Amino acid sequence: MDYSLDLYTYRVSCMVSGADKMDGLGLNHVNLEVQKNHAAHHTVGLSCTRLVTRRGQPFKLLLHFHEPGFDRHREALIFQALLGRGRSDDYSYGDLTLQFPVTAVEEVVSVGWRAWVNPQEVLPSRCVPVRVCSPVSAPVGLYELQLIVQSSLGQRCYSVSRFILLCNPWLQADPVYLPDEEQREEYVRNDAGVIYLGTPHNIQTRHWAFGQYESEVLEVCINLLQVSPQHIRERMKDYLSRSDPTYISRVVCAMINCEDDRGVLKGNWSADPRALASGVDPSDWTGSATILKLWAATRFRPVCYGQCWVFACVMCTVMRVLGIPCRVVTVFNSAHDTNGNLMIEECYTDTGKKLNLSRDTIWNFHVWVECWMTRPDLGSEFDGWQVLDPTPQERSAGVFCCGPCSVKAIRMRSVNLLYDTPFVFAAVNADVVVVVLRDGRVVSRKVDRRRVGSHIYTKLVGSDRPQSLTCNYKCVLDHMSHRGQLGQGMTSLTDQPSQFNPSRLMRSTVHKCCHDPMRVPVNCDYRISSPSGCLDMPRSLQVSLRLERVPVMGEDIALTVTVSNTSHTPRMLRNSINAQAKVYNRGPQQKALWEVLSRLPIQAREVLRLEHVIPPGQYDSKLTSDCLVNVAAVVEDERTHEHILVSEEFNITIPNISIQVAGGDTVVLQKEHSAEVTFTNVFSTPMTDAVLTVEGASLIQGKQQSRLFLLQSGQVMKMKVTFRPVSLGVKTLHARLTFRNRPALVIRGTHKVSVTAG
């Protein structure tokens, strides 16, 4: 048998000399059997320069000795595993050093490192096959393995190899063990993902390359632990704590942002493209590897810039590399509750204009990650998926990180548990208190218990389609899961006019849900008493707002306001409807992009349908890069001054860039292929200085660009790109089109190809 095949040879160096009589004896070299070990440990592709193993699982080494070889009756072998290292003139040492003998047979021990000779393998006396196995509780990191050869003549210590040890989701005893093989493939090994953005009624997908198999990424992820504040402050404690995925995840979560340390990404949420000119617009990133390698290449200076989905995707890459199952999760209508009262206050004028008066906000979407692990600190009932949010929003124990927070704890409303459970609970369960103001006085209030956390999605295993996780976080009522029409699902309440005071508004409601943190109501309606102590008056006007179809850029936005008079008397109504552009993580722009005011009579028991159209010329040049619109309608009874507000936020679909690969979507490794990229200008106005950029991890080195000075309305822009795949698997081409006269508008397109060996 030729043992040189499928082997990686490591030339050893003698580090501690023994007696001179040992000259000519001892270890010559070591075969690490990298390919076989990587296949057995599910680490193929993570590194082409180092042995990468998973804890609790043996890996094989083939020790080659000088003639006359190893005599197990007269010589002994002892391994040393060193985590962290220093060096003196004669030897190296580790912050943690673990010594264990090589035994003749495998010894079953519950703890500790162990090594043994496989008695079934018969080799020449100078070749010794050894299995080395770490405990399942071993810390994650970069180790040095040393071998001590002892005999009656003395001893020598050899540096055998440096290897990386990762968590093991394939091993039942590991705290990150994930029993389902398809889920392990998706949440550990898959290097391609999909993010869901937009609104729950018009979900936009964005492909992301996690890139854990790209060169240097594994080493960068290990270095991320090394430059963390925890490691710098107390190296020994940090190394020992790296056995715990709860600890690892919390360290990584804080290191993804740079608010407290030498973290990977700096956030920037400006809607002005000029404010992003000193870095990369967060929307332009397509993968994690570029970000991580740029961070390492600049000696761990923050990469500019990131927003929630970028922070989450980079963290997902690091966690998958370290062996902790991880998935990216989008929460639509995510609440940012800054004061911890589980209430988000929203204010409108009596003409339907939304005001930015509160620090609390509802993001149209927010992206975080879930990691799979046991939680012995909480109890086995809270094992499983844990929320971690690397986007720097609020401090946790003085540091900008969030989690790990048990998803089961959120559903069980156990908000007193570690870590950051109240904040995560509010993000998916907070009530929205909506008030209408006239001259500083509240003329209407309502509580919306369905909007926040209405849809929670991740990528479906083995598919690009979304999988709903909403029921994992909360008990979803039947009427909530069948909302159907836009603008429905509000509990509307009318109060007598009163002077507006946000703090008093909070005090009038918070006692109903916050006096007992274990008794937080979820999705169950209640009424807010008016300041005078009167109960809400019965409503005789019913109002709804409906989008007739999903809005598409370049087309009319069709809205219908339906008003029903259920009383036996006619009324005179004042109808105000207002549309404002907005970005996903804050309130709308204060200048309306479109508004209508009207007076109209309504007869007893009559139903009115008020149809409105917003033409493209009134909105397309006023939108932000998110293409989001807040529309609100306020109907007032002029006699009773009863006010009813209905509102909806929606995103406008942008036309995609088309990408067609010549010869089909199955391409061959290391062979040149071509694709045609096209876009048709559907806008009513010409676009100037159009720049089309195409890139793709493992497909295109760098970027390819094409420019067109003037793109007339209806004109088609075409670009031919060539690419050469350098790794196997499913890869994605990304195209992006920008315009000088519309800097906030970015057109995108993606296309997946399957790379085969040919």
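In which strand does Tyr305 lie? I looked it up: Tyr305 sits in strand S17 (residues 303-306); strands here are DSSP runs of E with at least two residues, numbered from the N terminus.

Before going on, I noted that this is a predicted model, where local features need pLDDT of at least 70 and side-chain atom pairs count only at pLDDT 80 or more, while totals for chains, interfaces and linings use all residues. Residues are numbered from 1 along each chain as its sequence is written, and side-chain values use heavy atoms, with hydrogens and water left out.

**Backbone entries**

I found a cis peptide bond between Cys304 and Tyr305, with omega about 5 degrees. Another cis bond joins Glu67 and Pro68, at an omega of about 10 degrees. Pro68 belongs to the loop between strand S5 (59-65) and strand S6 (75-83).

I then checked phi. Asn333 is not a glycine, yet its phi is positive, about 60 degrees. I located Asn333 in strand S18 (residues 326-336), and it is buried at 9% relative accessibility (buried is under 20% relative accessible area, exposed over 50%, partly exposed in between, with a 1.4 Å probe and protein chains only). Asp439 also has a positive phi, near 55 degrees. Asp439 is in the loop between strand S24 (431-438) and strand S25 (441-448) and is exposed, at 71%.

**Sheet entry**

I traced an open sheet of four strands, ordered S33-S32-S35-S36 with antiparallel pairing (two strands pair if DSSP finds at least two bridges between them). Strand S33 (594-602) and strand S36 (643-651) are at the edges with a single partner strand each, so one side of each has no neighbour in the sheet. S32 (residues 571-582) pairs with S33 over nine antiparallel bridges. One bridge I looked up has Ala579 partnered with Trp594 in S33.

**Salt-bridge entries**

I counted 38 salt bridges, taking a side-chain nitrogen of Lys or Arg within 4 Å of a carboxyl oxygen of Asp or Glu. What does the bridge between Arg574 and Asp350 tie together? Arg574 lies in strand S32 and Asp350 in the loop between strand S19 (343-349) and strand S20 (354-355), so the pair ties together parts 224 residues apart in sequence. Their closest N and O atoms are 3.1 Å apart. Arg574 is partly exposed at 24%, whereas Asp350 is buried at 13%.

My last stop was Glu649 and Lys582, which meet in a salt bridge at 3.8 Å, N to O. Glu649 is in strand S36 and Lys582 in strand S32, 67 residues apart. Both are buried. Shared partners join Glu346, Lys354, Asp448, Arg451, Lys582 and Glu649 into one salt-bridge network.
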